[in-house]
Amino acid sequence: MNQANPPDQAANLQRDLSQGAPEKAWGMLGLCARAGQLTSGESGCELAVRGGQAAAILLDGGASPNMLKKFSDACAFRQVPLYTLEAGRLGQAIGKPERMVAALKKGSMAERLLSLLDSQEIEPR
């Protein structure tokens with residue numbers, strides 16, 4: 001039986017990158033999208049988290065508070081890292097301008113992108 005994380009542990013899975021991410025990370029994100037290692041859109045990402053296929057969720061800073069809560073709760077329950085990015089940068093990086101959420105599929109590309117995102121000092125929310 002899968003149990004929810006304690007609040008302090010769930011907070012450690014959330015990262016706020018709204019102040020910027022390394023430029024290499026944006027290029028790698030686009031590469032993941034072209035390689036088919038990224039699922040974008042609300043329903044596809046929700047299925048990826050529930051199915052255990054998501055290495056991380058990337059949420060655009062312009063996403064609605066309801067979407068933020070929905071993915072924050074789902075990621076905390078499933079122990080999936082949640083990254084909040086600069087407003088508008090997610091869609092720009094993956095070539096789909098209006099996308100607010102994307103899920104990285106588990107694998108070596110996701111590991112590399114996450115290491116780039118975590119390479120800078122980020123305070124968990």
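Which handedness, left-handed or right-handed, does the crossing of α3 and α4 have? The crossing of α3 and α4 is left-handed, a term for a near helix turned anticlockwise from the far one by less than a right angle. The model is predicted, so that local features need pLDDT of at least 70 and side-chain atom pairs count only at pLDDT 80 or more, while totals for chains, interfaces and linings use all residues. Residues are numbered from 1 along each chain as its sequence is written, and side-chain values use heavy atoms, with hydrogens and water left out.

Helix α3 (residues 42–50) packs against helix α4 (residues 65–78) at an angle of about 15°, the axes being 10 Å apart. That makes α3 roughly parallel to α4 (angles under 35 degrees). In this contact (heavy atoms within 4.5 Å), α3 contributes E42, C45, E46, V49 and R50, and α4 contributes M67, K70, F71, A74 and R78. These residues divide into 5 nonpolar, no polar and 5 charged.

The disulfide count comes to 0, the criterion being a pair of cysteine sulfur atoms within 2.5 Å. For C45, which is in no disulfide, the nearest cysteine sulfur is that of C75, 9.2 Å away.

Relative accessible areas are tabulated below, where buried means under 20% and exposed over 50% (1.4 Å probe, protein chains only).

| Residue | Relative accessible area | Class |
|---|---|---|
| C32 | 1% | buried |
| C45 | 0% | buried |
| R34 | 65% | exposed |

R34 lies in helix α2 (residues 23–34), and its C-alpha atom is separated by 7.9 Å from that of I94, 60 residues apart along the chain.

Definitions and conventions:
Axes fitted to C-alpha atoms, helices over the stretch in contact; angles between N-to-C directions. Helix = DSSP H or I, 4+ residues; strand = E, 2+ residues; numbered from the N terminus. Parallel < 35°, antiparallel > 145°, perpendicular 65-115°, else oblique. Nonpolar A, V, L, I, M, F, W, Y, C, P; charged D, E, K, R; others polar.
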